[in-house]
Amino acid sequence: MKNVTLINNTIEFVKHELKNAESGHDWFHIERVYKNAMLIAKTEKVDILIVKLAALLHDIADSKFNNGDENIGPNKAKAYLHKQELDEKSVLHIISIIANMSYSKNIDKKAAFNSLELQVVQDADRLDAIGAIGITRAFNYGGYKNRTIYNPAIKPNLHQTKEEYKKSNAPTINHFYEKLLILKDKMNTKTARKIALDRHLFMEQFLEQFYNEWNGKK
Ligand code: ADP
Ligand code: NI
């Protein structure tokens with residue numbers, strides 16, 4: 001099978017899997033991550049097919065939407081890839097990326113697997129969590145979970161464990177301090193660090209305006 005055919009088949013598979021997904025984790029999230037990954041990969045020596053397939057398959061069954069089960073996503077990806085003409089080493093690499101790249105997985109310990117291809121896809125995914133898109137996704141997720149937008153009495157919890165992070169019910173503004181504003185210093189590649197800085201400044205500007213309006217100042 002030609003690589004283009006494999007990519008196109010994978011796009012169709014992912015679109016189908018995500019047809020009812022929350023809008024912050026839907027096909028358009030995957031498409032943005034894919035584009036970010038292609039941009040970052042230009043300046044990195046990576047196996048581009050691995051990066052493409054991992055970016056496309058990285059969120060087909062997020063544990064957040066599957067009762068916390070962290071194996072569903074990697075298992076679905078594995079079953080799909082085994083039906084394609086792809087060597088076993090590549091299949092293993094792609095599912096290792098998917099199983100180890102998430103933010104929560106890396107909170108209290110280093111993930112069990114790492115590679116340059118993982119780092120590129122991880123940066124691409126993290127870029128989509130910040131900036132204007134990141135702000136929108138956070139509030140959409142908060143709304144989906146029926147969370148409060150902001151409550152000045154509930155302070156952010158900066159030193160969360162993975163378990164605390166996952167079961168947090170805190171207002172969405174807290175998520176900026178608990179994750180989104182931390183991401184710019186967690187980028188793996190130079191290209192992503194540069195893009196992240198702009199997006200970070202935009203979030204800081206947004207928060208300043210938000211508090212001003214909240215307090216009736218502007
Ligand atoms: P990963 O999927 O990499 O483990 P997360 O589960 O932390 O990362 O979140 C993915 C995205 O979902 C975040 O970037 C954000 O947009 C949204 N999200 C997750 N948790 C929250 C939260 N508590 N409040 C608002 N948005 C959230
Ligand atoms: Ni993602």
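A residue is called buried when its relative accessible area is under 20%, exposed when that value is over 50%, and partly exposed in between. The model is a predicted one, and by this criterion both His 29 and His 58 are buried.

These two histidines belong to the metal site, where the protein donors of the nickel ion (ligand 2) are NE2 of His 29, NE2 of His 58, and OD atoms of Asp 59 and Asp 125, at distances of 2.1 to 2.2 Å. Along the chain, the donors follow the spacing H-x28-H-D-x65-D. His 29 sits in helix α2 (residues 27-41), whereas His 58 sits in the loop between α3 (48-57) and α4 (72-82), so the pair ties together parts of the chain that are 29 residues apart in sequence.

What is the arrangement of the four donor atoms around the nickel ion (ligand 2)? The angles that they subtend run from 86 to 176 degrees, which makes the arrangement irregular. For reference, the ideal angle for four tetrahedral donors is 109.5 degrees.

The next topic is the packing of two helices. Helix α7 (residues 131-144) packs against helix α10 (residues 190-214) at an angle of about 55 degrees, and their axes are 7 Å apart. The two helices are therefore oblique to each other, given that angles of 65 to 115 degrees would count as roughly perpendicular and those under 35 degrees as roughly parallel. On the side of α7 the contact is made by Gly 131, Ala 132, Ile 135 and Phe 139, and on the side of α10 by Arg 199, Phe 202, Met 203 and Phe 206. Sorted by class, this contact of α7 with α10 comprises six nonpolar residues, one polar residue and one charged residue.

Two loop positions remain. Ser 23, in the loop between α1 (3-17) and α2, has a relative accessible area of 46% and is therefore partly exposed. Although Ser 23 and Asn 140 are 117 residues apart in sequence, their C-alpha atoms are 7.3 Å apart in space.

Thr 161 is found in the loop between α7 and α8 (162-167), and with a relative accessible area of 36% Thr 161 is likewise partly exposed. When residues up to four places away in sequence are left out of account, Thr 161 touches Ile 107 and Asp 108. The C-alpha atoms of Thr 161 and Ile 107 are separated by 6.6 Å, while the two residues are 54 residues apart along the chain.

Note on methods
Residues numbered from 1 in each chain as written. Chains lettered and ligands numbered in written order. Predicted model: local features only at pLDDT ≥ 70, side-chain atom pairs only at ≥ 80, totals over all residues. Heavy atoms only, no water. Donors = N, O, S within 2.8 Å, 3.2 Å for Na, K, Ca; no water. Tetrahedral: all angles 85-135°; square planar, octahedral: opposite > 155°, others 65-115°. Helix = DSSP H or I, 4+ residues; strand = E, 2+ residues; numbered from the N terminus. Buried < 20%, exposed > 50% of the residue type's maximum accessible area, 1.4 Å probe, protein only. Axes fitted to C-alpha atoms, helices over the stretch in contact; angles between N-to-C directions. Parallel < 35°, antiparallel > 145°, perpendicular 65-115°, else oblique. Contact = heavy atoms within 4.5 Å. Nonpolar A, V, L, I, M, F, W, Y, C, P; charged D, E, K, R; others polar.
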